[in-house]
Amino acid sequence: MSECNVLLVYPRFNAGSFWNYGATCEMVGAKYPAPPLGLITVAAMLPENWNVRLIDRNTGALTNDDLTWADMVMTGGMLPQQADCLAVIRRSQEKNVPVVVGGPDATSSPEVYEAADFLVLGEAEGILTTFVDAWKEGVRNGRFSAEKFKADVSSSPVPRFDLLRFDDYVQIGVQYSRGCPFTCEFCDIIELYGRVPRTKTNDQMLAELDRLYELGYRGHVDFVDDNLIGNKKAVKGFLPELAKWQKERSYPFEMSTEASLNLADDEALLKMMQQAGYFSVFIGIESPDPDVLVATRKKQNTRRDIAKSVHKIYDAGIFVLAGFIVGFDEESDKVADEISALIEEAAIPVAMTGLLYALPNTQLTRRLAKEGRLHADFATDDPDTEHGDQCTAGLNFTTVRPRAQILEDFKQVIDRVYGPEAYFGRVQKVASMLNMSGANGSIFGAGFFHDIKLFGRLILAMTFKETTYRGPFWKTLIKTAFTNFRAIKPVMMMLALYVHLGPFSRFVVAQIDKQIADIEKGNWEQPALVAAE
């Protein structure tokens, strides 16, 4: 079979997720935050004479006509997509279309996806060719597993960005590196991609940005690396070339990424990121308690003033989104006060606070299993759409502190940090601290008219649709305009996020209240546990 019609299907994320940003997407005219970078990268690895069609179930429908056209369905994703991925498998097989499943959740929990015709596990660069050869030879089921941490990312092709409708998304993702040098107990990244970060070449990365630019994309580009600075030597060799590329094209992209907090220790690296056009970075802070950080092996966040470290990043004109976790064994009953106080002191508007979740295939999961504390269904996603992610469906293990007390502490954090006054107050603090003297302070780049359109929509939404926030919105905007005008763009972005975060925080509080009430009424039962080793 020389040709093949391949239908790439990206499963729907659970609706009740912190990261959906549904209301914000609607406000700016998009359908979802980001497209399926993994699937469009796989698409670029398939034989040139194969026909490829992409369906993102977060932005569009999978139709019977699509399945009739397809010789093969390729799908897969993360844990919050599990329920829909299984539904895609069932529907495809009902139409007698073979299904190939890959991605991080299938790699971590292959037993969940046994119904699929094929499992292609691990990094695609290390195994996809073997699968394609088998398919060409007539093989119609099987399992293919890549050797761990050996994929050569410098061989990864330019993703098929042409398969996307850019207007459907708030941002477009690219990836520079895989892996992280740290050993956080709860993290599955080092299990999936290893502790030695592998990077693409500079030319390879710039070719991806060239392709986006050629296709007419302008705006937000997210470097989806789990730790952009995991290989500092490599990224310091890349950022000056990226800055030059941006300057030559009048800064068509503003960039975000994820990094570890030790980014704050390297002023030269921060300056390079600022000159290249990075405007935000997500950092996993997790806890202000040193005992918790040491126990969970996040030592890179110890022996430092966390708030001052965040402020150093603000001084490079880059605002911080941060992750916090409630539910660690070592945390005290003061955890709500400690996390809330740090979020305020550091002035972190978007503080993604979740409940500890034992992900499949992590050091944490293995320890909890050994101790006889891991819920037997720990690797199974709850298909109930009210439970979207670790904000409402965490603690999949027997906790040390009383479960209801942990839930109450978690609820207090959400209540405190996402009240309108608290959130807008932190945005105003950030606006006063951002040093916008670098490239990321330009408001007249190639994406200027795109930005003006988005700003207009935000102003209309916050003034006439979300009238609850009209006062603090305009107060923040006017104050920024008079005190640090160049910070208008990042401030607008943070304000836009509250269109989602405000209602989402109330949703989370309501869900946690129900869970606490069930425990207090005796309606919650301890799930079956994995047998202790």
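1. Which residues are buried in helix H14 (residues 363-370)? In this predicted model, the buried positions of helix H14 are Gln-363, Leu-364, Thr-365, Leu-368 and Ala-369. An α-helix has 3.6 residues a turn, so residues three or four places apart point the same way. The cover over the buried residues of H14 includes helix H7 (189-193). After H14 comes Gly-372, with a positive phi near 75°.

2. Asn-361 is not a glycine, yet its phi is positive, at about 65°. Most residues other than glycine have a negative phi, and most peptide bonds are trans. Asn-361 counts as partly exposed because its relative accessibility is 27%.

3. Asn-96 is found in the loop between helix H4 (82-94) and strand E4 (99-102). Although Asn-96 is not a glycine, its phi is positive, at about 60°. With a relative accessibility of 71%, against a cut-off of over 50% for exposed residues, Asn-96 therefore counts as exposed.

4. Helix H8 (residues 202-214) contains 13 residues, and the span from its first C-alpha to its last is 18 Å, close to the 18 Å expected at 1.5 Å a residue. Its buried residues are Asn-202, Gln-204, Met-205, Leu-206, Glu-208, Leu-209 and Leu-212. Among the elements covering the buried residues of H8 are strand E7 (172-174), strand E10 (219-223), helix H9 (232-248) and strand E11 (253-258). Just after H8, Gly-216 adopts a positive phi of about 95°.

5. The largest nonpolar core comprises 152 residues, of which Met-74, Phe-131, Phe-223, Leu-242 and Tyr-278 touch the most other members. Helix H19 makes the greatest contribution to this core, with 16 residues. There is also a second, separate core of 18 residues, including Cys-85, Val-99, Val-101 and Ala-106.

6. Once residues up to four places away in sequence are set aside, Phe-131 touches Met-72, Met-74, Val-100, Phe-118, Val-120 and Phe-144. One of these contacts, Met-74, is also among the residues that touch the most other members of the largest nonpolar core.

7. Phe-282 belongs to strand E12 (residues 278-286). Is Phe-282 buried or exposed? Its relative accessibility is 18%, and the limit for a buried residue is under 20%, so Phe-282 counts as buried. Excluding neighbours within four places in sequence, its contacts are Trp-19, Thr-257, Glu-258, Ala-259, Leu-321, Ala-322, Gly-323 and Met-352. Phe-282 and Glu-114 are separated by 168 residues in sequence and by 34 Å in space, C-alpha to C-alpha.

8. How many cavities of 30 Å³ or more does the model contain? The count is two. Rolling a probe the size of a water molecule over the atoms shows where empty space is left. The second largest cavity holds about 40 Å³ of space. Its lining is formed by Phe-18, Thr-353, Cys-391, Ile-414, Tyr-418, Leu-501, Phe-504, Ser-505 and Val-508. Seven of the lining residues are nonpolar and two are polar, with no charged residue. Helix H19 (residues 488-520) supplies the largest share of this lining, four residues.

Notes:
Residues numbered from 1 in each chain as written. Predicted model: local features only at pLDDT ≥ 70, side-chain atom pairs only at ≥ 80, totals over all residues. Heavy atoms only, no water. 1 Å grid on protein atoms, 1.4 Å probe; cavity = no way out; pocket = protein on both sides within 12 Å on 5 of 7 lines; lining within 4 Å. Points joined across faces, edges and corners; volume = space filled by probe spheres on them. Helix = DSSP H or I, 4+ residues; strand = E, 2+ residues; numbered from the N terminus. Nonpolar A, V, L, I, M, F, W, Y, C, P; charged D, E, K, R; others polar. Expected span 1.5 Å × (residues − 1). Buried < 20%, exposed > 50% of the residue type's maximum accessible area, 1.4 Å probe, protein only. Contact = heavy atoms within 4.5 Å. Core = buried A, V, L, I, M, F, W, Y, C linked by side-chain atoms within 4.5 Å.
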